[in-house]
Amino acid sequence: MHPRDQTIFALSSGRAPSAIAVVRVSGPQAGLVLATLAGKLPAPRQASRRLLRDGAGQPIDDAVVLWFPGPASATGEDVAEFHVHGGRAVLAALFAEIAVIPNIRAAEPGEFTRRAFENGKLDLTEAEGLDDLIHADTDRQRRQALRQLQGLLGDRARDWRERIIEASALIEAGIDFSDEGDVPAELRAPAIRAIEALRDEIAEVLAAQGHSERLREGLVVAIAGEPNVGKSTLINQLARRDVAIVSPHAGTTRDVIEVQLDLDGYPVTVIDTAGIRETDDPVEQEGVRRARARAEDADLVLWLVEGEQAVDPGAMHSLRKSEGGDRPEGAVWIVRNKIDLVAGGTGPSGEFAISARQGDGIPELVDALVKFASEFFGTTEGAVVTRARQRDLLSRASESLRRSLDLVEDGEELAAEELRAAAYALGRLLGRVDVEDVLGAIFHKFCIGK
């Protein structure tokens, strides 16, 4: 029997022990599993309390069970759910009884969602939205993932694809009636208007996204500077807990330390790096090398200096991304620490003045980080593109539409081919044509039981 025809089972709730655990079964044997353990099938989609028993008639647990006959189920197949007490022994006994039934096996990561996709319960953009929702750490990530799961991009892509097919039909009809005088021109005009509208709509969506797909990974902010200027104290202050060792001895931080923050719903990874300086210590040299590498890859660098210390322009320049990189201009900020020890307690205009030890200036720095994140990510509330894969396929569709307009007057056959390419790109976006190569890469990231 092919693995996709087998019945699968898995724990679909949190790791044991827990108050309640949900075990899901999906496939043609799901009804047999439920009847074997619970005595008989309950009414569809109605919770029923049953005493689960093993093959010897011994009780396993007092549970709530549900029965979802396909195709009216989450996966499109017959689905059974067992809501049991979440002890390890209970789950072990339940799994052992399920596993002895023929043609039943443990599910692979993401296999329930993949079966839902293959049975037409959701398209690939919705499956990606579900994955993003599971892994969302901040409220903005959650809202963006939920919009994707609800079909924000998929619905538009289906509409675009249908309109492309309609325009293509007009173009190809003109080819078929090329010997009928004015017929091709009459068919070509509405097709051109439709293609122009589609091109503009997709281009508008792509232009409005900003870095919205980066919201999944978050903004990366590196704290860099010379040794012993307070980098570790600053990251502890931002994290509101001790995540880095603070010492008066230069070179204490040898490796990169990361902390995840939620700043007004924006996910931000703050990196504390080793002090950048020339050193003969091979361990510290490796720390400096890693610090430079992470700072160069960061979206924003906070270059920390002490009090009224002069800023080394060469060191600042070395941390800016090369031309054409993702980092916006000016995304290296000078932050003057220990400002409480400086007369007047302020820094030059355009720089930040803080006392990482006392907390002075930290709220203003955090507000500036939130503003930077807002500008970096762009308008995420209406964003429909959440992954590089989606942006790439939309760009391909847009480019094919543009080429079709260039060709339609002189080469209708070539224009029709470009329209087929645009429809094909949107089909790949939805996961409905030739996407076997990407399915494994997407679904293996899901947790088992989902």
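**Burial, ring pairs and charges over rings**

User: Why is Asp-132 called buried?

Analyst: Asp-132 has 10% relative accessibility, so it counts as buried (under 20% relative accessible area; exposed is over 50%, partly exposed in between, with a 1.4 Å probe and protein chains only). This is a predicted model, in which local features need pLDDT of at least 70 and side-chain atom pairs pLDDT 80 or more, while totals for chains, interfaces and linings use all residues. Residues are numbered from 1 along each chain as its sequence is written, and side-chain values use heavy atoms, leaving out hydrogens and water.

User: What does Asp-132 touch, not counting residues up to four places away in sequence?

Analyst: Ala-145, Arg-216, Thr-386 and Arg-387, where contact means heavy atoms within 4.5 Å.

User: How many aromatic pairs does a search of the whole structure find?

Analyst: The search finds six. Rings of Phe, Tyr and Trp (its six-membered ring) pair if their centres lie within 6.5 Å; planes under 30 degrees apart are stacked, over 60 edge-to-face, the rest tilted.

User: What makes the pair of Tyr-266 and Phe-377 stacked?

Analyst: Their ring centres are 5.6 Å apart and the planes stand at 10 degrees, so the pair is stacked. Both Tyr-266 and Phe-377 are buried. They also belong to one aromatic cluster, together with Trp-333, Phe-352, Phe-372 and Phe-376.

User: Which residue lies over the face of Tyr-266?

Analyst: Arg-140, at 4.1 Å from the ring centre. A charge sits over a ring if NZ of Lys or CZ of Arg is within 6 Å of the ring centre and within 35 degrees of the ring normal. Arg-24 has its charged end over the ring of Phe-112, 5.4 Å from the centre.
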